[in-house]
Amino acid sequence: MADKRGSPMDMGSAMRDDGGGDEAGSGRTTGMRTAETLLRLLPMGLCIVALVVMLKNSQTNDFGSLSYSNLGAFRYLVHANGICAGYSLLTAVVAAMPRPSTMSRAWTFFLLDQFLTYIILAAGAVSMEVLYLAYNGDEAVTWSEACVSFGGFCRRSVASVAITFAAVLCYAALSLISSYRLFSKYDAPPVHGRSITKGIEIGATFHG
């Protein structure tokens, strides 16, 4: 009878293979964690730039003076960008920590990512509406085209809003990632194969 026990060389090879698989899995996890951390830091930078551009946005000329603080939509844009920048920094630090992904952590990331995405999206949408009125006016409410007189203010506002929408795209991607990580933890719904098989058996019995 042949000896089924492996030789020491085979056992050593198997141990190396197992170790290699563990190292590959660990490297893949580290790479994903690094990518997520960088993706969470990217909108932080975008939000800070959009915030600073809007904070410095004011213009004074012969027609008067205009500042971002005169418009509620732009004030909301500044606050939303500040909140999102702080959230991005906090979650980037948490994501960089080598901790196991628990169900509570997955739910927390999912809910907060969704919430912050809607906050920054709403800020960009409201500010874009204000810019549209500033460029085109509204004859129905006798709103003149303010950008004719305050062109520099409007150009800086457009830049801030455009950067904000770039941050929205990053948050949308983060929302997709956190959604995938959360719902992949749940088992797939059971296939009703047993019910189908049982129906076939009952039909066969009646036909028999």
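Guide: Two strands count as paired if DSSP finds at least two bridges between them; strands (E, at least two residues) and helices (H or I, at least four) are DSSP runs, numbered from the N terminus. This is a predicted model, where local features need pLDDT of at least 70 and side-chain atom pairs count only at pLDDT 80 or more, while totals for chains, interfaces and linings use all residues. Residues are numbered from 1 along each chain as its sequence is written, and side-chain values use heavy atoms, leaving out hydrogens and water.

Visitor: Which residue stands opposite Ser 67?
Guide: Ser 67 is part of β2 and is buried, at 18% relative accessible area (buried is under 20%, exposed over 50%, partly exposed in between, with a 1.4 Å probe and protein chains only). Leaving aside neighbours within four places in sequence, its contacts (heavy atoms within 4.5 Å) are Asn 57, Ser 58 and Phe 153. The one standing opposite Ser 67 is Ser 58.

Visitor: What does Arg 181 form a salt bridge with?
Guide: A salt bridge here puts a side-chain nitrogen of Lys or Arg within 4 Å of a carboxyl oxygen of Asp or Glu. Arg 181 counts as partly exposed because its relative accessibility is 29%. Its closest N–O distance in this bridge is 2.4 Å, and the partner is Glu 36. Arg 181 lies in α4, so the pair ties together parts 145 residues apart in sequence, the α1 end being Glu 36.

Visitor: And which residue in α3 does Arg 40 bridge to?
Guide: Arg 40 counts as buried, at 1% relative accessibility, and also meets Glu 36 in a salt bridge (3.2 Å, N to O). Its α3 partner sits 73 residues away in sequence, so the pair ties separate parts together. At 2.9 Å, N to O, that partner is Asp 113.
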